Amino acid sequence: MSCPGFGELNIPSSRAFWDDCEEDEFENMKPAEKLQLKFDVESAGDVAPVASDLLVVIEGPHVTHFATTVLAKDSKRLCSIPAKTSSLHWNASSKQLLAILEDDLSSSGEVTELLLPYAKLAKNVVTLTLKPKVEFKSEEIQFYSDHVAIVRGVGVNQKDITELEAPNFIAGVAAGIASWRDQEELPVSSFVIYTDKLPLDSTAAQPVLKLLKSVGVTCNSSYIPPRKESSYLYM
Amino acid sequence: MLFLKEKRSTLDLTEYTVILPSICVGNAAQLACDLLIASKKLRRIGSLTHPALIPVYGPSAYQHEPNEKVSSCELYEGAEDKLLVVQFRAPWIARHTGSFQQELVELLKGARRVVILSGSFGFERRVIEESPWAYRASDNFKEIHAAQLGNAELIKWKEHTGEAIYGGGNALQLYKAFDEKNVAVMLLFRYLLEGDNSTDASLIVKELNELCEDFLQLRSGSGGDSSFKLTVPKSWNLLFGNDITELLF
């Protein structure tokens, strides 16, 4: 059996653009339509940004089910965020605002700008980015081979949290919000968890829940992932 | 959105030279800017955000500014040398590039001169004996640097006249945008290939130094290239990812 493409040298036509665009095409591209938050019917009259005690931004691939189950309990969904199934939730009793963001780098700059009014009004902000473990870079990578999760902070000064080291970094809306708060010298705690299971299962969720609790985020103590159809691999 | 540190409200670039990379083949121009910033220990003075830029946040990329956090577009200044280096850390979003480019030109158009660094695919160099360097300069830039650009012993670059620089990203469009605003602008690029482009980056900086030695001053003495002093930033660790696990074998 042949292996198409094996041994071929695939050179990207351009490194300049994240989205699919050739270098000679972008000049003729139409200006992008502005993205907007889509407010739910119940909160349609209440579109002004809410002032929260704590804004929690959680971002990663397939994060929606985990975050809505463990973090959005007793919260009211305010609006959908234009990046896949992303959404914004408000818990009036704890004054906690929650942004759940599915991984979508191509709209992350624009979505960051949409969420900045909320980040401006928040007394404190916690961002958490979930990434696959293979993206973690370290000169001692063998040391982490058995770890379920690698937890790192960016400028958090927390005793039990190790600081993220270059060349690692985070990218996306959480990075945008954290970067803005940091430049404005407003309180922000930014974390990244490199996990070996995405979407999270009940074991991989434990370090995430432990971290969220340690920084004062109201959440459940465990997570049960949605039931999947059997694989049909075996009788 | 422009963020400036220390409560500065405007960016005064009078008499400044601005160096900015295009996001090109092998990221060579960005690597060259990294070398410039680390070698000259430039000070971060601000950053830019725009929907065209994928937000980035993380630990400092340079040893000399350990408390800074990286972001997608950073501004570094050498006040003594009147030098401003722009660094991009993420590719752009094509549908927003036009408006970002306009914003960038508006911000930097007050500079004395602008140098755009770039690269082009090595296989686009049709005559192998020709110089691996090419440039394109506006008339007012050529006037300022007539002595250097006219000295064939010093500058061996070929003048580019084509309509595209393949692999050069948005370099040519950015050059044209500055030229339209009558900013003295030069686009300098090297023909190179994807791979370990750290050598290409140092060669770009060395070549730029031939033109701009008055302010770059990267030579430690009067000797030849051997005395060239460049500092590799710590963010270049693991440029090609982690070591391969022993369990694989």
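The model is predicted. Chain B touches chain A through 49 of its residues, which meet 52 residues of chain A. About 4000 Å² is buried between chain B and chain A, and carbon and sulfur atoms give 60% of that area.

**Make-up of the interface**

- B:P55, B:Y57 and B:R95 supply 20% of the area that chain B buries against chain A, more than any other three residues.
- Twelve residue pairs are in polar contact between chain B and chain A, counting pairs with both residues at pLDDT 80 or more.
- On chain B, the elements that give two or more residues to the side touching chain A are β3 (43–48), β4 (56–59), β5 (69–70) and α2 (94–108).
- Helix α2(B) gives the largest share of that side, with five residues.
- Sorted by class, the side of chain B that touches chain A holds 23 nonpolar, 20 polar and six charged residues.

**Salt bridges and strand pairing**

- Two salt bridges are counted between chain B and chain A.
- B:E194 and A:R15 form a salt bridge, and their closest N and O atoms are 2.6 Å apart.
- Strand β9 of chain A (residues 170–171) is joined to β4(B) by two bridges, and the strands run antiparallel.
- Within β4(B), B:V56 is the bridge partner of A:A171.

**B:Q101**

- B:Q101 is found in helix α2 of chain B.
- The relative accessible area of B:Q101 is 9%, so this residue counts as buried, the cut-off being under 20%.
- Apart from neighbours within four places in sequence, B:Q101 contacts A:F26 from chain A, and B:W92, B:N170, B:Q173 and B:L174 from chain B.

**Cis peptide bonds in chain A**

- The bond from A:A166 to A:P167 is cis, with omega near 10°. A:P167 is found in the loop between β8 (162–163) and β9 of chain A.
- The bond from A:L198 to A:P199 is also cis, with omega near 0°. A:P199 is found in the loop between β10 (188–195) and α4 (202–214) of chain A.

- A:K95 is not a glycine, yet has a positive phi of about 55°. A:K95 lies in the loop between β4 (87–91) and β5 (96–102) of chain A, and is partly exposed at 39% relative accessibility.
- B:N27, a residue other than glycine, has a positive phi near 50°. B:N27 is placed in the loop between β2 (17–21) and α1 (28–39) of chain B, and with a relative accessible area of 21% is partly exposed.

Conventions:
Residues are numbered from 1 along each chain as its sequence is written. Chains are lettered from A and ligands numbered from 1 in the order in which they are written. This is a predicted model: local features need pLDDT of at least 70, side-chain atom pairs count only at pLDDT 80 or more; totals for chains, interfaces and linings use all residues. Side-chain values use heavy atoms; hydrogens and water are left out. Contact means heavy atoms within 4.5 Å. Buried area is the accessible area (1.4 Å probe) that two parts lose on being put together, summed over both. A salt bridge is a side-chain nitrogen of Lys or Arg within 4 Å of a carboxyl oxygen of Asp or Glu. A polar contact is a pair of N or O atoms within 3.5 Å; within protein, one must be able to donate a hydrogen and the other to accept it, and residues adjacent in sequence count only if both atoms are side-chain atoms. Helices (H or I, at least four residues) and strands (E, at least two) are DSSP runs, numbered from the N terminus. Ala, Val, Leu, Ile, Met, Phe, Trp, Tyr, Cys and Pro count as nonpolar, Asp, Glu, Lys and Arg as charged, and the others, Gly among them, as polar. Two strands pair if DSSP finds at least two bridges between them. Buried means under 20% relative accessible area, exposed over 50%, partly exposed in between (1.4 Å probe, protein chains only).
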